[in-house]
Amino acid sequence: MKTALLRSAALAGLMMAGGASAHAESLTLYCSADEAWCQQIKTGFEEKTGITVDMTRKSSGETYAQVRAEASNPKGDVWWGGTGDPHLQAAEENLTEEYVSPMRGELHDWAIKQAEAAGNKTIGVYSGALGFGYNKDLLAKNGLPEPKCWADLTKPEFKGQIQIANPNSSGTAYTTLATMVQLMGEDKGFEFMKALHKNVNQYTKSGSAPIKAAGLGETTVGIVFMHDAVAQTAAGFPIVTVAPCEGTGYEIGSMSIIKGARNAEAAKKFYDWALSADMQGKAKDVKSFQLPSNKAATVSELTPDLSTIKLIDYDFKKYGSSEERKRLLGKWDMEVSSLPQ
């Protein structure tokens, strides 16, 4: 009963925001999901509330760096989407605000655990497993074996055939690095990253860029979250999605209110709306196939079923901490990216 009342109050507040007084309100949104999804969110919130949204789309690593650089004079109000690790780091560094939404009762446990790990300075909005996708036409053309495991991507025949983002700018790639350390142990994990490096033709800035390149035939394999590979298949590209045989990590895409937000009330309205089933259920309309955090949100049949994927017990708190994140990225810069290819 209490949860229902809180939810009603939150949604009533959103409806009131659609009145004449809300037209003077504005919101600056930093969005770290796919461009089409970010645009859908911007438009949807404007139509729902009458609040004008100034949206900027950047990868989660880039957005974290921007929020940190602007700490003394914040320009953003809400940071939505992108992997949870940099959101946790921002919370630890006091770059984001604590907020407990009345919508929390509608969310999956993993979304709440993300909030609790950050002292309620962030919350989970979607989840998705790490994996890779390959262009089946290029694979056949180049006479390459079908990759089913992480180890397959280090084989000599895949030299120059793989793309992955740079973990300094991309949450997807940082999740890959942290996954290998947890899956294999740090020494073997870095040996894997070094072996993979020999086969990488480009480190992209954005986490989803590698699979988009694979879809266009610019590379054979892209290491991404599986839902991004599924999106390329849904768009008509010859992409096959793979859940690696050894097991894999996953993300909890998150949302945070930026500390010192100039439009704090509008930020809270957005936060509550972004946790609603109606908002989250529309992601599939722009071919975003993550698992939504609201239990009642409509889930596409194309969304990867996490219960069928061998997932590691990803330690979000440790690998989202400022100290560990800086250490691993520094080690990757020194030991991996500096190597010849």
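A nonpolar core is a set of buried Ala, Val, Leu, Ile, Met, Phe, Trp, Tyr and Cys residues joined through side-chain atoms within 4.5 Å. I am working on a predicted model.

**Entry 1: cores**

I looked up the nonpolar cores with that definition. The largest one has 74 residues. I listed the members with the most contacts inside this core: L27, L29, W80, M255 and F270. I then took F270 and asked what it touches beyond four places in sequence. The list reads L27, L29, I41, F45, V78, W80 and M255. I also found a second, separate core of seven residues. Among its members are Y64, A90, L95 and I258. In soluble globular proteins, nonpolar side chains tend to be buried together.

**Entry 2: strand β1**

Next I went to β1, residues 26-31. Is this strand enclosed or open? Five of its six residues are buried, so the rest of the structure largely encloses β1. I checked its pairing on each side. Strand β2 (residues 52-57) runs parallel to β1, and six bridges join the two. In this pairing C31 stands opposite R57 of β2. Strand β3 (residues 78-80) is also parallel to β1, with three bridges between them. Here L29 stands opposite V78 of β3. I noted L29 and V78 again as contacts of F270.

**Entry 3: disulfides**

How many disulfides does the structure hold? I found two. Counting bonded cysteines along the chain, their pattern is 1-2, 3-4.

C31 is buried at a relative accessible area of 0%. C38 is likewise buried, with 0%.

I then turned to C149 and C245. Their S to S distance is 1.9 Å. I read 120 degrees about the S-S bond, a right-handed link. This pair links distant parts of the chain, 96 residues apart. C149 sits in the loop between α6 (136-141) and β6 (162-165). C245 sits in the loop between β9 (239-242) and β10 (250-258). I compared their accessibility with the cut-off for buried, which is under 20%. C149 counts as buried because its relative accessibility is 16%. C245 has 42% and is partly exposed.

**Entry 4: S276**

I looked up S276 in the loop between α11 (264-274) and α12 (277-280). Its relative accessibility is 7%, so S276 counts as buried. What does its side chain reach? A polar atom of that side chain lies 2.6 Å from the backbone oxygen of W273. The S276 side chain also reaches the backbone nitrogen of M279, at 3.3 Å. Setting aside neighbours within four places in sequence, I found S276 in contact with M103 and N294.

**Entry 5: E324**

My last stop was E324, in helix α14 (residues 322-337). Is E324 buried or exposed? It is buried, with a relative accessible area of 10%. Leaving out residues up to four places away in sequence, E324 touches Y174, K318 and Y319.

Notes:
Residues are numbered from 1 along each chain as its sequence is written. This is a predicted model: local features need pLDDT of at least 70, side-chain atom pairs count only at pLDDT 80 or more; totals for chains, interfaces and linings use all residues. Side-chain values use heavy atoms; hydrogens and water are left out. Buried means under 20% relative accessible area, exposed over 50%, partly exposed in between (1.4 Å probe, protein chains only). Contact means heavy atoms within 4.5 Å. A disulfide is a pair of cysteine sulfur atoms within 2.5 Å. Helices (H or I, at least four residues) and strands (E, at least two) are DSSP runs, numbered from the N terminus. A polar contact is a pair of N or O atoms within 3.5 Å; within protein, one must be able to donate a hydrogen and the other to accept it, and residues adjacent in sequence count only if both atoms are side-chain atoms. Two strands pair if DSSP finds at least two bridges between them.
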